[in-house]
Amino acid sequence: MSAHTDQHAHHGGHDDHAHHDHHDEGGHAESTLKGYTIGFILSVILTAIPFWLVMDNVISDSGTLALTLLGFGAVQIIVHMVYFLHMNAKSEGGWTMVSTVFTVVLVVITLAGSLWVMFHMNTNMMAGHSHEMTHPN
């Protein structure tokens, strides 16, 4: 009996790996029509609510409104990653999640640093500008 035949008989005639891939595709339980439908409905809701908040001026404070819209945007990004990009801790051995977290950290550091620099440049330049205006030549 050959090694292939022995291996086939040992597994009872089933290829466990192929059965797992067909059933679950590497841990992507959302890769069905039901999963795509749930993702689509959540995306529509997460778009409609912020649109309503802005159009009906529900939140009058602009800072609170901005934070609320950012929160809805962050949740929508997660919905897209899970339901449409099929990213979870199990996909590709967890490397997609690790690379996503690394990318998010870099983007947050870059944006926060840029905003910090622009705020301080604006503050320092405006302070010098107002000083010149109070003391005419």
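The model is predicted.

The secondary structure consists of 5 helices and 0 strands. Along the sequence, the pattern reads α-α-α-α-α. The protein has 137 residues, and 15% of them are buried. Its accessible surface is about 10900 Å². Carbon and sulfur atoms contribute 71% of that surface. Among contacts with a separation of 6 or more, 59% join residues 24 or more positions apart.

T100 sits in helix α5, which spans residues 95-134. Its relative accessible area is 16%. Buried means under 20%, so T100 counts as buried. The side chain of T100 makes a polar contact within the chain: the backbone oxygen of T96 lies at 2.7 Å. With residues up to four places away in sequence set aside, T100 touches M81 and M87.

S43 belongs to helix α3, residues 33-55. The relative accessibility of S43 is 9%. This value also falls under the 20% cut-off, and S43 is therefore classed as buried. Leaving out residues up to four places away in sequence, the contacts of S43 are Q76, V79, H80 and F84.

Taken together, T100 in helix α5 and S43 in helix α3 are both buried. The partners of T100 beyond its sequence neighbours are M81 and M87; those of S43 are Q76, V79, H80 and F84.

Technical notes
Residues numbered from 1 in each chain as written. Predicted model: local features only at pLDDT ≥ 70, side-chain atom pairs only at ≥ 80, totals over all residues. Heavy atoms only, no water. Helix = DSSP H or I, 4+ residues; strand = E, 2+ residues; numbered from the N terminus. Buried < 20%, exposed > 50% of the residue type's maximum accessible area, 1.4 Å probe, protein only. Contact = heavy atoms within 4.5 Å. Areas by Shrake-Rupley, 256 points an atom, 1.4 Å probe, with all protein chains shown as cover. Polar contact = N/O pair within 3.5 Å; in protein donor to acceptor, adjacent residues only side chain to side chain.
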